[in-house]
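Here's a quick tour for anyone meeting this protein for the first time. Take a look at the sequence and the model, then read on.

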Amino acid sequence: DATLRFARRHRITFAAYSPLGSISRVDVLGHPFVREVAAAHGKTPAQVALKWLVQQGIAAVTNTARPKHAAEALDLGSFTLSAREMRALSKAR
């Protein structure tokens, strides 16, 4: 993505605000491929969506009042998305 390349080239930290779609109303968590990848890794769709960002070096700004969701967000180091999964998730709309 050109915006991400620009940010990296100019040493700008790129952050995803509300990356799970609550503001944009995009159904990230219900996307069939996100759900498929989550099932393959034994993770939640939210964890897959956040891992996709973090694995690209993008900061994910999230918010939750639920301890379970906070724990899931902190458990992103326990798995890695494959190059194929990363490419496919990048193309998912």
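What follows goes from the overall fold to the start of the chain.

This is a predicted model, where local features need pLDDT of at least 70 and side-chain atom pairs count only at pLDDT 80 or more, while totals for chains, interfaces and linings use all residues. Numbering starts from 1 along each chain as its sequence is written, and side-chain values use heavy atoms, leaving out hydrogens and water.

You'll find five helices and two strands here, with helices (H or I, at least four residues) and strands (E, at least two) taken as DSSP runs and numbered from the N terminus. Along the sequence they read α-β-α-α-β-α-α. The radius of gyration, over C-alpha atoms, is 13 Å, close to the 12 Å from the globule rule for 93 residues, so the protein is as compact as a globular protein of that length. That rule is 2.2 Å times the number of residues to the power 0.38.

Some overall values:

| Property | Value |
|---|---|
| C-alpha span along principal axes | about 35 × 30 × 25 Å |
| Residues that count as buried (under 20% relative accessible area, 1.4 Å probe, protein chains only) | 32% of 93 residues |
| Accessible surface (Shrake-Rupley method, 1.4 Å probe) | about 6,400 Å² |
| Part of that surface belonging to carbon and sulfur atoms | 56% |

Now to the start of the chain. Helix H1 covers residues 2-9, and Asp1 caps its N-terminal end: a side-chain oxygen of Asp1 lies 3.0 Å from the backbone nitrogen of Thr3. After H1 comes Arg11, with a positive phi near 55°.

Methods: A polar contact is a pair of N or O atoms within 3.5 Å; within protein, one must be able to donate a hydrogen and the other to accept it, and residues adjacent in sequence count only if both atoms are side-chain atoms. Buried means under 20% relative accessible area, exposed over 50%, partly exposed in between (1.4 Å probe, protein chains only).
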